[in-house]
Amino acid sequence: MDIRHLKAFLAVFEERNITAAAQRLCVAQPTLSVTIRQLEEQLGVALFLRQARGVEVSEQARQLYPQAQRLVAEAQALSRWFREGQRRLPLQLGVEADIASSHVEAFVRMACQAVPAVQLTLLDGCAGDARLGVEALCCEDELFLALWEEPYVLAMATGSTQVEQWISCPEHFAHQRLLGFYGNLEQVGHAGSLQQAVPMVAAGLGAALLPQSLVDCHRGLHWRPWQESTLTRRIGLCFAVQALQLPVLKQLHQALGGVQID
């Protein structure tokens, strides 16, 4: 028994007529009759009772019908899955550590809308065909397509009102610039990244100047603009010009407003 037998059975069951079922399947009537007979022999039951005008279905046929529907549908879905997989356009995208999940989610939506056939793989850090990152961390030979710009804001634990202590990120590229904004406040902790500073602030250890997207939806934090700070960052796609040889990245670059690059 194979899918061909089950499709033949479904057609005859639903049409109640061998001729109409043969026309539906685009096969000759004798061929369809042989296929049905083969299925009946394999199952050891009579599925249809031939009448002068059409066929009557047996009780065994009624029992087989929902199972045959399910098996044919699964086989067709499997076939579509493999065919569509062959047409997918793979793109590996690195995501820098300090990019907020809200920006990653927004980018995934944009990518899928811009290139519906994209098969996206997200990786950590500086990896993949391109990466979602901060403009200041792009290499000299890389191109940058800006997608968002956001300010740094003063993040504090929920309930805190005074800024008396602060958490630094010594490894961050903006560390030296941030030092001037904190002045003489006591430094009470170090974070390896801006993302790691978020739970330290939420725990009440101290305040920190952080990109707004990292603190917007965190329940343990509230923030306010820091008048002394005009620091902002731009987030977007970083990639080598050679990467645009990938059709998927070229389509995405153009759809997101990038300048045509030959």
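User: Which side chain does R233 touch through a polar contact of 2.7 Å?
Analyst: The side chain of E150. Keep in mind that this is a predicted model.

User: OK. What backbone oxygen lies 3.0 Å from a polar atom of the R233 side chain?
Analyst: The one of D98.

User: Where is R233 found?
Analyst: In strand β11, which covers residues 232-240.

User: Is R233 buried or exposed?
Analyst: Buried. Its relative accessible area is 3%, and buried means under 20%.

User: Switching to rings. How many aromatic pairs does the structure hold?
Analyst: It holds 3 aromatic pairs. One of them is F9 with F13. That pair is tilted, at 5.7 Å centre to centre with 50 degrees between the planes.

User: Where do F9 and F13 lie?
Analyst: Both are in helix α1, residues 3-15. They sit 4 residues apart, about one turn of the helix. F9 and F13 are both buried.

User: And F13 with Y65: why does that pair count as stacked?
Analyst: Because the planes of F13 and Y65 are at 15 degrees, and planes under 30 degrees apart count as stacked. The ring centres are 4.3 Å apart.

User: What does the pair of F13 and Y65 link?
Analyst: Distant parts of the chain. F13 belongs to helix α1, while Y65 belongs to helix α4, residues 59-87. The two are 52 residues apart. F13 and Y65 are both buried.

User: Which residues do ring pairs link into a cluster?
Analyst: F9, F13, F48 and Y65.

User: What lies over the face of F13?
Analyst: R16 does, at 4.7 Å from the ring centre.

User: Which elements give two or more residues to the lining of the largest cavity?
Analyst: Strand β7 (165-168), helix α6 (175-182) and strand β9 (208-211). The lining residues include W166, H175, Y182 and L210.

User: How do the lining residues of the largest cavity divide into nonpolar, polar and charged?
Analyst: 9 are nonpolar and 2 are polar, with no charged residues.

User: Which other residues line the largest cavity?
Analyst: I167, S168, C169, L178, L194, A208 and L209 are among them.

Note on methods
Residues are numbered from 1 along each chain as its sequence is written. This is a predicted model: local features need pLDDT of at least 70, side-chain atom pairs count only at pLDDT 80 or more; totals for chains, interfaces and linings use all residues. Side-chain values use heavy atoms; hydrogens and water are left out. On a 1 Å grid over the protein atoms alone, a cavity is a set of points where a 1.4 Å probe fits but cannot get out, and a pocket is an open set with protein on both sides within 12 Å along at least five of seven lines; lining residues have an atom within 4 Å of a point. Ala, Val, Leu, Ile, Met, Phe, Trp, Tyr, Cys and Pro count as nonpolar, Asp, Glu, Lys and Arg as charged, and the others, Gly among them, as polar. Rings of Phe, Tyr and Trp (its six-membered ring) pair if their centres lie within 6.5 Å; planes under 30 degrees apart count as stacked, over 60 as edge-to-face and the rest as tilted. Buried means under 20% relative accessible area, exposed over 50%, partly exposed in between (1.4 Å probe, protein chains only). A charge sits over a ring if NZ of Lys or CZ of Arg is within 6 Å of the ring centre and within 35 degrees of the ring normal. A polar contact is a pair of N or O atoms within 3.5 Å; within protein, one must be able to donate a hydrogen and the other to accept it, and residues adjacent in sequence count only if both atoms are side-chain atoms.
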